[in-house]
Amino acid sequence: MRTSLFKQFIVLSLIYIISSIRLNAQQINFHPMLFIDQMSTNSIFNLYQDRNGFMWVATANGAVRYDGYETRGFRNNFLTPGELKNNDVRCFAESESHIWVGTTQGITLIDKTTFQTQAFTSDELQGCLIR
C-alpha cells in the first residue's frame, strides 16, 4: 500500500512539474507589406534588404525600392529607355555605392544616392540570365 501511494505521489509530482514548465517556441511575427498594393505586378521573384534597411523587390515588371513609406520603381519602358537592362528582374547584390540588379538579359547598376542607372557592360555577361 505504501509503495502504491509513493508511486502515485511520484507520478502526480512529475505531471505537475512537467505541466508547469514553459515551453518557449519560436514566435513568428508577421506584418503585411503595405507597399504591395502600389506595385504594378504581383509576380515577386526576390526580396533583398540592403545595408541601409531599404527593401528591394524583384518583379517581372522591374525593380521596386521601398523605404518604409513609399516605393520607387525602376523599369525599362518608352518613358525611361535603358533604365534597366530588362524588366524581368531576378536578383540583387550590393556594393558600397551601388545596387546590382540582375535581370534575364544582364546587369544594371543603380547608384544608391542619385538613383542613376547604368548598364554593366561585360561581353561575357551580355544577354545572360542572372540569378
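Author: Accessible areas here come from the Shrake-Rupley method with a 1.4 Å probe, and for residues only the protein chains shown count as cover. This is a predicted model: local features need pLDDT of at least 70, side-chain atom pairs count only at pLDDT 80 or more, and totals for chains, interfaces and linings use all residues. Residues are numbered from 1 along each chain as its sequence is written, and side-chain values use heavy atoms, without hydrogens and water.

Reader: What share of the accessible surface belongs to carbon and sulfur atoms?
Author: The protein chain exposes about 9600 Å² of accessible surface. The part belonging to carbon and sulfur atoms is 54%.

Reader: Which pattern does the protein chain follow along the sequence?
Author: Helices (H or I, at least four residues) and strands (E, at least two) are DSSP runs, numbered from the N terminus. The protein chain has one helix and eight strands. Its pattern reads α-β-β-β-β-β-β-β-β.

Reader: Is Phe115 buried or exposed?
Author: Buried means under 20% relative accessible area, exposed over 50%, partly exposed in between (1.4 Å probe, protein chains only). Phe115 lies in the loop between β7 (106-111) and β8 (117-119). With a relative accessible area of 17%, Phe115 is buried.
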